[in-house]
Every structure is written in structure tokens, then in C-alpha cells.
Amino acid sequence: MTSPDELKLYDIARPGNRADLPVVALDEAHAPNKMLAHPDLVRKFVAGEDFRPIHMRIGIMGACNMRCNFCNFHSPNEENFYDLFSFKDSIPTAKASGLMREFAATGGRAVTFCGSGECTIHPGYTEICQAAHDAGLRIGLITNGSRLGVDKVADCVAATHTWVRIGMNAGSEENFNRITRDHDQTYATFGDTPRRLRDAAVDPEFRVGFNFVITAENYHEIRPAAELAARSGAHYIRFEPEFYSALGHQTVEDIMAEVSEALNEVAGLSTEEFEVSIPKLDRGPMDQVEEVEGDFEHCHYSRFVTAVGADGNLYPCPQVHLNSRYLIGNVLEDGYLQVLEGGKRAEWEESNPRRTDLCKSCFYRPQNELLEWVKRGNVHLDEVLDTYAIEIPRTLHADFV
């Protein structure tokens, strides 16, 4: 049993790098132990009681107005993994709005619009967001940023959203356009979009930041990207290495020394007002390998969060959505609650009892390990919850577990 003095929640619920790589430093918005801000749900989990996910990750569009070189959904490396992806998929506005209301009515608290395409180009994006907001859901958005300068979208974000994460992915406009094939002069907007959204946002917890996917084409621009983010008024810049489920981080392995040096350098730009998020750099492939990463047997994280693809299907996790092996059921045809509790989800879990049979490297490994250790009794539940309450008296964006 671990004593409260010995328990370090940031150590047991945080990804880590090997000794020759930078120390992982996650920004506050992306802390992986947020489920501990919901002690009632964690206690139900440990007791084996039923409860419903509080966070939905949803992609309402398969289409995107950019074509990034590192995009999993358009990569030949992922044709087998994301076998259900189609750029033609789109959830109709009325059905998406109805799903928001149903999710909220059945215990949902937050929704993140993300997915295989660019959600903000959906013709009903603002209407769907308004329906979600009116239903009491908090809203997050992962976007390429190209539509944040459109008044209708910007006004909607300011009025209804809790956070926005924008894909920067380069430190110069020329390289950004080459990597993303952008035709909307999006990069030129990055210098003032964060501050403009912050000034207009209604939610007092509103956060806006940038995401930078490190590749062989842009790693030399880590510094200028971080400096631009700091000048822009963003709350953070979040770095992550290029990742394919079939390859892991092999695509950046040859430049890891240079990447590490650059990340260690820009970590010094962090202040009380601006965070630089340093990632786990050496995660292995999710499948097609024999080695299993992580000390947990089952996917527990999917009890707290769920995912819906632009095909309308429910999946256990946003990392494996649009993969036929993980498909649970269609929430547009059968209803969210019917798919969640009508037997289809239970059938899926019964037929796939061990996550090690499915994906051997898990993006949500810290969350799953923490939950399994508490369930096993490796760490005592009361000690974990009490220590969390002392260390983190106020959890930023707690419902976005």
C-alpha cells in the first residue's frame, strides 16, 4: 500500500520518456488524471457499478479543406487500421444536434469536436454547437484554424466553447503551406487569432492553444513556432511527434536527438501565462507488434469517454474510431443510449475482453494504468482521491477527461 506522502499523482498518471529524451511536461489543459476530479465516478468504477461516459469525442465530417502530409486518415500506412474512413461521411445537422441533446440528457457533460475531418467546415457547425451548449454541454474544438476568422464561426466559438486547439505544424508560412496544402492563408491568422478569441470568450475557463506535430519536415522550426505561439496570446503550445498506429514514432526516430535538443530549448519559454507542453516521444505502434506497453489489462478509460465517428458509429476510444474491429453500433440509427446500454457495447466488451488483443500501445496508457492500479488496490482509493484534492484543488476543464 502506498502512503499519501509517497504517492505522486503526476508520476503514476503521466507519460514518460526514456532517459535520453526530454522530461514530459504536459500543459494544465491536457492533464491525464482528470478522472480523479470525479470521485463519485471513480468510486463507482472501483466498485464495479455502472455509470455513463461524461465526455464525447466526435467527428461530424470526414472531409477536410487541408491535406496534411502527416494525416493518418490519408496515409497508405493506415489503410488497414482506419478501414472505415471516408471523406464523404458527414453527420446531418439535425441528427448531430439531436445526438448532443441525447448525450446531455443521459449524463454527458462535455463534447470535443475533432475527428478525421475538419469540423468547422460542416455547414451546420454553429447550429450543432448551439444545440450542445443549450443542452448544458461544455464544448472543445480541435481544428486546423482555417475558419476561426469567419465571423459566424468565431462568434459561435466565443459564445459557446470552453477551449480551442489549433494545428500550427510549422514555424513559417512557406513550410506550413507545403505541409498542409492550405490555400486560405491560414498561417497568417495565427498571430492574432488566440488573443481575439480570448478577448471575446464568454467562458471564464476559456483556453486556446496550438498543437505542433513534429515531423522530418518541420522539426527545425520548433523554436519559431513556439515563439509565435507565445506572441499570439495563446495559453500554450503542445508538441507531439508524428504518429501512425502501424508505425508508432518510427518516422521521427532518426531525428530524435535534434528534436530533443529543440524541445529542451523551447521548454525555457514557459511562463505563468504560457505553457510549453513536452510530449512522450517514443510510443510504439498500436498493433502489428508483439510487445505490449502498459501495466493494465483492460481499457478502463472508455468507461469515462466515448467516441463517435463521422459514420455515426460509436467506438470505445478516439484513437481507434473508424476501425471495423472496434465498431460498437450506430447511434444515429439506433440511438445513443440503446447502443451504449442496449447490449451492443456489452457484446463488444465480451468479445474483446483484453485490450492487449487489440492495441498494444495505448495513447491513454496513463489514465488506464491509474484506473487499474486503483482497482487492483496497488494504490488506495481514498489516498489517491485525498492526495489529488490537496495537490490539485481546482481542475481545469475537469469534464474533458
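Trainee: Leaving aside its neighbours within four places in sequence, which residues is Arg52 in contact with?
Mentor: First, this is a predicted model, where local features need pLDDT of at least 70, side-chain atom pairs count only at pLDDT 80 or more, and totals for chains, interfaces and linings use all residues. Numbering starts from 1 along each chain as its sequence is written, and side-chain values use heavy atoms, with hydrogens and water left out. Contact means heavy atoms within 4.5 Å. With neighbours within four places set aside, the partners of Arg52 are Thr106, Arg303, Leu337, Leu340 and Glu341.

Trainee: Is Arg52 buried, partly exposed or exposed?
Mentor: Arg52 sits in the loop between α2 (39-47) and β1. Buried means under 20% relative accessible area, exposed over 50%, and partly exposed in between (1.4 Å probe, protein chains only). Arg52 has 30% relative accessibility, so it counts as partly exposed.

Trainee: What separates the C-alpha atoms of Arg52 and Phe304?
Mentor: Along the chain, Arg52 and Phe304 are 252 residues apart.

Trainee: Why does Met66 count as buried?
Mentor: Met66 lies in the loop between β1 (55-58) and α3 (93-105). Leaving aside neighbours within four places in sequence, Met66 has contacts that include Asn144, Phe176 and Asp182. Met66 counts as buried because its relative accessibility is 4%.

Trainee: Which residues touch the most other members of the largest nonpolar core?
Mentor: In soluble globular proteins, nonpolar side chains tend to be buried together. A nonpolar core here is a set of buried Ala, Val, Leu, Ile, Met, Phe, Trp, Tyr and Cys residues joined through side-chain atoms within 4.5 Å. Neighbours within four places aside, Ile58 has contacts including Met100, Phe113 and Val308. Of the 111 residues in the largest core, those touching the most other members are Ile58, Ile60, Met100, Phe113, Ile237 and Phe239.

Trainee: What share of the residues is buried?
Mentor: Take all 401 residues of the protein. Buried ones make up 58%.

Key: Helix = DSSP H or I, 4+ residues; strand = E, 2+ residues; numbered from the N terminus.
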